[in-house]
Amino acid sequence: HPEDHVKGKYKVGDLDSPLYGMPVREMFDRVLEAPGCAFLQVGDGPKTDEDLEGIAAFTKWVRAKHPRLITFSFLSLTKIDHDRYIKTTRTDVFCFYKYPLALDYEAPELLAELKLARDSARRHSLPFWMYVQAWA
């Protein structure tokens with residue numbers, strides 16, 4: 001649960017960070033309240049119902065604490081039912097990632113996946129984002 005990650009007992013542990021030693025809750029609030037913070041990734045590559053429930057809980061928490069933020073998760077398009085993902089998590093944006101520069105990746109495959117994402121987003125009146133990853 002998201003609250004577990006922002007409890008007072010956890011502190012920023014990166015020695016190179018200017019926030020080193022700060023309680024995670026304080027760091028999280030500072031970052032999410034910053035004027036430049038417009039959205040928050042609340043999941044990455046969900047595959048199971050448990051993953052979806054976790055993303056849904058995190059999304060609900062973000063909306064209660066930081067209602068101006070847009071929430072999304074990175075999806076692998078072929079590993080989760082899109083309609084179930086959208087209905088369960090109530091995401092603000094349908095978002096997926098791709099590695100189109102991989103040696104075995106073809107342009108027709110990318111265009112087919114763009115259409116699949118667009119169609120899924122349209123069914124639920126959501127915008128969609130695609131993150132292009134340079135390499136795995």
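Buried here means under 20% relative accessible area, with exposed over 50% and partly exposed in between (1.4 Å probe, protein chains only). This is a predicted model, where local features need pLDDT of at least 70, side-chain atom pairs count only at pLDDT 80 or more, and totals for chains, interfaces and linings use all residues. Residues are numbered from 1 along each chain as its sequence is written, and side-chain values use heavy atoms, leaving out hydrogens and water.

**Exercise 1.** Work out how strand β2 is covered and paired.

*Solution.* Start with cover: β2 spans residues 70-74, and four of its five residues are buried. Next, look for its neighbour: β1 (residues 39-44) pairs with β2 in the parallel sense, over five bridges. (Pairing takes at least two DSSP bridges between the strands.) Now check two positions: Phe-39 sits opposite Ile-70 of β2, and Gly-43 has Ser-73 as its bridge partner.

**Exercise 2.** Describe helix α3 and find which of its residues are buried.

*Solution.* First, its length: α3 (residues 49-65) has 17 residues and reaches 24 Å from first C-alpha to last, close to the 24 Å expected at 1.5 Å a residue. Then the buried set: Leu-52, Ile-55, Ala-56, Phe-58, Thr-59, Trp-61 and Val-62. An α-helix has 3.6 residues a turn, so residues three or four places apart point the same way.

Definitions and conventions: Expected span 1.5 Å × (residues − 1).
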